[in-house]
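Have the sequence at hand as you read.

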Amino acid sequence: MSEKRMILEMGMGNDLYGQDYTKAACRAVQDALHHSSITLFSTLGLDHQDMRVAVTIGVAEPDKVDVGAVQATLPRGRAEVRAVKGGMNTQSGDQIHVVATAAIEAYLPDLAGKYTCATQDAT
């Protein structure tokens with residue numbers, strides 16, 4: 001069955017003192033999730049497992065992100081996480097501060113033709 005992207009949320013997270021790319025990535029995902037209140041599933045009678053979730057994490061050093069740990073923070077759907085070059089590192093003296101960005105896309109089965117709009121009779 002084909003899918004359509006129904007949701008796109010973005011977030012930012014950081015680790016100011018531990019240089020932990022996974023912690024910054026998880027915080028970016030949580031930031032994005034806190035922007036959402038999705039009633040679509042209950043409204044349409046869909047199971048959350050029908051949703052495929054694609055997460056892209058941007059950090060300066062993508063190989064330092066434990067994508068499995070980030071995936072474990074996602075509460076719903078079938079998640080796929082990948083880390084790419086992005087985000088930023090900033091320095092204060094000897095301390096490196098890690099900034100991560102996250103884009104979360106949710107895809108649902110294409111329900112075209114399953115639902116129709118009903119009009120109310122004005123009488």
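Leaving aside residues up to four places away in sequence, which residues does valine 29 touch? In this predicted model, the contacts of valine 29 are Val55, Ile57, Val70, Thr73, Leu74, Ala102 and Ile104.

That residue leads us into the core. The largest nonpolar core has 25 residues, and Val29, Val55, Ile57 and Val70 are those with the most contacts inside it. At least two residues of this core come from each of helix H1 (21–33), S2, strand S3 (78–85) and strand S5 (95–109). H1 supplies the largest share, 7 residues.

Now for the arginine. Arginine 52 sits in strand S2, which covers residues 52–59. Is arginine 52 buried or exposed? Arginine 52 counts as buried because its relative accessibility is 19%, and the cut-off for buried is under 20%.

Arginine 52 touches Glu3, Arg78, Glu80, Glu105, Ala106 and Tyr107, again without residues up to four places away in sequence. With one of these, glutamate 3, arginine 52 also makes a side-chain polar contact. Alanine 79 lies 27 residues from arginine 52 in sequence. The table puts the two distances together.

| Pair | What is compared | Distance |
|---|---|---|
| Arginine 52 and glutamate 3 | polar contact between side chains | 2.9 Å |
| Arginine 52 and alanine 79 | C-alpha to C-alpha | 6.1 Å |

Technical notes
Residues are numbered from 1 along each chain as its sequence is written. This is a predicted model: local features need pLDDT of at least 70, side-chain atom pairs count only at pLDDT 80 or more; totals for chains, interfaces and linings use all residues. Side-chain values use heavy atoms; hydrogens and water are left out. Helices (H or I, at least four residues) and strands (E, at least two) are DSSP runs, numbered from the N terminus. Buried means under 20% relative accessible area, exposed over 50%, partly exposed in between (1.4 Å probe, protein chains only). Contact means heavy atoms within 4.5 Å. A polar contact is a pair of N or O atoms within 3.5 Å; within protein, one must be able to donate a hydrogen and the other to accept it, and residues adjacent in sequence count only if both atoms are side-chain atoms. A nonpolar core is a set of buried Ala, Val, Leu, Ile, Met, Phe, Trp, Tyr and Cys residues joined through side-chain atoms within 4.5 Å.
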